[in-house]
Amino acid sequence: MNAGFGRTGLGSFAGNGEGPPRLQTTSVWLKRGLLWLLAALVVGGAVWLLMPPSEGNVAQTEPTNLALASIDPAPPTSASDTSAGEAAGLDRLKISSQTWRRGGLGSKALVTFTVRNDNDYAVKDVEIVCAFTRRDGSHLTDRSRVLADIVGTKSRKTFARVPVGFVNVNADQVMCSLVTARRA
């Protein structure tokens, strides 16, 4: 008495041990998916590299010449007219030594430098501008920073690891210059 449960009966639902191996088809689809993902990443990376740079990331074609800016205060008429907020002359103020290193996972510039003050008065709010260049000497970017500390009369002060801002990954050299300072 055969109830008709042969090849097309319950055998396909209950499983007789002769079905397609599910693990093998799953691994084939997984391998194909990973290959497609890798291909998409390669194509996306190639397209990204071939895209032109945006306006904000283009370096200037003309190098910027940095010079020491000198602001000479007007001669006071009397001793009571001199104010503490007057601009100081930069002719006797200079950076005597400077070094730099990267910080913040390599994206920030930390500059260490010594400001020498040969004036007869103390200065404060010293502003510096640092020009970053590539290894071949071509200009990359400028960053400025105002230092609120006071540099005493006829003295020098070392500013260690001052963060001047984000820099290009290709920056290799830096040249910092004094821009302005005020009498303390």
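**Close-up views of a predicted model**

**View 1. Lys157 and Asp149 form a salt bridge.** In this predicted model, the closest N and O atoms of the pair are 3.8 Å apart. Lys157 is partly exposed, at 28% relative accessibility. Asp149 is partly exposed as well, with a relative accessible area of 39%.

**View 2. Arg135 pairs with Asp172 in a salt bridge.** Their closest N and O atoms lie 3.7 Å apart. The pair links distant parts of the chain, 37 residues apart. Arg135 sits in the loop between strand 3 and strand 4. Asp172 sits in the loop between strand 5 (155-166) and strand 6. Arg135 counts as exposed because its relative accessibility is 68%, over the 50% cut-off. Asp172, at 30%, counts as partly exposed.

**View 3. Asp118 forms a salt bridge with Arg116.** Here the closest N and O atoms are 3.5 Å apart. Asp118 has a relative accessible area of 27% and is partly exposed. Arg116 is also partly exposed, with a value of 30%.

**View 4. Strand 3 runs antiparallel to strand 6.** Nine bridges join strand 3 (residues 123-133) to strand 6. Val123 has Arg183 of strand 6 as its bridge partner.

Methods
Residues numbered from 1 in each chain as written. Predicted model: local features only at pLDDT ≥ 70, side-chain atom pairs only at ≥ 80, totals over all residues. Heavy atoms only, no water. Pairing = 2+ DSSP bridges. Helix = DSSP H or I, 4+ residues; strand = E, 2+ residues; numbered from the N terminus. Salt bridge = Lys/Arg side-chain N within 4 Å of Asp/Glu carboxyl O. Buried < 20%, exposed > 50% of the residue type's maximum accessible area, 1.4 Å probe, protein only.
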